[in-house]
Amino acid sequence: MWFDFIRTNISVLDSYQQLEWVHYLQKNNPNIPAIIYKTEPPTQRSSLKKQQKFWMEFISKNPEEKCIFTGKKLITLNVTIDHFLPWSFICHDKLWNLIPTDRSTNSSKSNNLPDLSTYLQPFIEQQVRAIKFHAKETKNWEKYAVTYVLDLGFKDHLELLNELSFSKNLGQIIESQYNLAKKSGFNSEWAAQA
């Protein structure tokens, strides 16, 4: 009787066991993001079309904007979107962790952590400029602002325009996640080739 029950309901029991395991891991590792995706990573990554649009609108209206890694004007490059902290660690495509760069630099960086002493400040500054641009130029910029507000601890989208608070909050989340990734074995201090 129990054997038949287990055989018939194995998928339900397996799902329940997986869910309980993830709850246990998340409870005991509160600073590690997206544990559920690390126990069973997505088989397919989602499209970055919305994120690409966010950055391409910004780049097209700001032709002097440069890649934080190479210093080259983004308007002249084959631009792609890079996860500042590797996707394989962070497991999401939220704008606060994304940055435009050229395709070859993105490939070179791969799953490495960029050198924070070199790239964190330029990363934050470019994020600030992009947020300010969209607040001024994009009709529904609140849609872009949602994950910034939720993940960086702001009350609403207008608080994002406070450059000091935005820079501080973004810097703190990047540094804390960077340190966790480094402790988890990700190679750190990557720098773009000259």
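Modeller: Quick ground rule: helices (H or I, at least four residues) and strands (E, at least two) are DSSP runs, numbered from the N terminus. This is a predicted model, where local features need pLDDT of at least 70, side-chain atom pairs count only at pLDDT 80 or more, and totals for chains, interfaces and linings use all residues. Residues are numbered from 1 along each chain as its sequence is written, and side-chain values use heavy atoms, leaving out hydrogens and water.

Colleague: Okay, where is serine 110 found?

Modeller: Serine 110 sits in the loop between helix 6 (103-109) and helix 7.

Colleague: And why is serine 110 called partly exposed?

Modeller: Its relative accessible area is 44%. Buried means under 20%, exposed over 50%, and partly exposed in between (1.4 Å probe, protein chains only), so serine 110 counts as partly exposed.

Colleague: What makes cysteine 91 buried, then?

Modeller: Cysteine 91 has a relative accessible area of 10%, so it falls on the buried side of that cut-off. Cysteine 91 lies in the loop between helix 5 (87-90) and strand 2 (98-102).

Colleague: What is phi for cysteine 91?

Modeller: Phi is near 55 degrees there, a positive value in a residue other than glycine. Serine 110, not a glycine either, has a positive phi of about 50 degrees. Most residues other than glycine have a negative phi.

Colleague: Which residues of helix 7 and helix 8 make the contact?

Modeller: With contact meaning heavy atoms within 4.5 Å, helix 7 brings Gln127, Ile131, His134 and Ala135, and helix 8 brings Trp141, Tyr144 and Tyr148.
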